[in-house]
Amino acid sequence: MKILIVAATAPEIAESISFLEEKGIDYLITGVGMVATAFALGQRLAQQPYDLLLNVGIAGTFDQQESLGRLFRIEEDQLFQLGAENEQAFISIEELGFGESRFFAHYKGLPLPATYLNLPATSAITVNKVHGCAAHIAQVSSQLAPGSLESMEGAAFFYAAKQAQMPAIQVRAISNYIESRNTAHWNIPKALLNLNQWLQEFCRQQAS
Ligand SMILES: O=C(O)c1cccc(C(=O)CC[C@H]2O[C@@H](n3cnc4c(=O)[nH]cnc43)[C@H](O)[C@@H]2O)c1
């Protein structure tokens with residue numbers, strides 16, 4: 001099975017790059033954010049088809065009781081606040097009739113290893129602006145499924161995969177709580193360690 005590993009930044013998969021190169025597994029660093037992700041992935045997929053696309057990275061969680069470093073598979077991801085507003089309410093892109101904002105992991109029929117299937121599943125939102133203001137966080141969080149995560153790429157990754165009609169999955173390690181912004185509270189090293197250990201185990205199981 002030909003797999004493409006997709007990450008926003010090189011540091012997110014730095015611990016796995018020599019492993020991936022030894023195994024002959026392709027990877028793509030897109031740059032941070034939805035526009036960079038959709039363009040880079042679209043460009044790659046136009047040149048080369050894959051049997052499976054895997055987006056890995058770190059993410060924030062809205063669940064203040066969750067453990068930093070924990071891994072999740074993202075089953076649904078949303079282009080957050082894509083739409084319009086009027087004086088009363090937000091109007092989604094679906095209600096406007098211009099497209100869709102919700103995208104899903106897609107791997108039906110693929111024999112994915114236990115290291116993926118056994119991960120806890122959750123939903124995520126994809127944002128242009130990382131939430132860091134307590135009042136906004138309280139408002140957003142009340143509209144989301146409990147335990148939702150937040151990244152800057154996930155839904156754009158699923159979008160590009162859907163456009164290219166290729167199976168796609170996403171795994172995120174929690175690096176921080178979505179809270180009043182304070183990066184001193186983030187635990188990026190723990191998230192990266194867990195994410196890269198998982199990624200290498202996934203690739204080993206996938207190959208066997
Ligand atoms: O500072 C570092 O050592 C470092 C190492 C690896 C990656 C980073 C990043 O800042 C990656 C940016 C990446 O992280 C995602 N992310 C993480 N937390 C959140 C969040 O709370 N809300 C939204 N996105 C988050 C995001 O997908 C960025 O692409 C730093």
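Reader: Which residue has a backbone N or O atom 3.1 Å from an oxygen atom of the ligand?
Author: This is a predicted model, in which local features need pLDDT of at least 70, side-chain atom pairs count only at pLDDT 80 or more, and totals for chains, interfaces and linings use all residues. Residues are numbered from 1 along each chain as its sequence is written, and side-chain values use heavy atoms, with hydrogens and water left out. The pair in question is a polar contact (N or O atoms within 3.5 Å). The residue whose backbone atom lies 3.1 Å from the ligand oxygen is Met152.

Reader: Which side chain has an N or O atom 2.7 Å from a nitrogen atom of the ligand?
Author: The side chain of Asn176 places an N or O atom 2.8 Å from a ligand nitrogen. For the distance of 2.7 Å, the side chain is that of Glu150.

Reader: How many residues surround the ligand?
Author: Ile58, Glu150, Met152, Glu153 and Asn176 are the closest. The shell has 5 polar residues, Gly being classed as polar, 4 charged residues (Asp, Glu, Lys or Arg) and 11 nonpolar residues (Ala, Val, Leu, Ile, Met, Phe, Trp, Tyr, Cys or Pro). The number of surrounding residues is 20.

Reader: What is the radius of gyration of the protein?
Author: The protein has 8 helices (DSSP H or I, at least four residues) and 10 strands (E, at least two). Over C-alpha atoms, the globule rule is 2.2 Å times the number of residues to the power 0.38. For 208 residues this rule gives 17 Å, and the protein's value is close to it, so the protein is as compact as a globular protein of that length, with a radius of gyration of 17 Å.

Methods:
Near = heavy atom within 4 Å. Polar contact = N/O pair within 3.5 Å; in protein donor to acceptor, adjacent residues only side chain to side chain.
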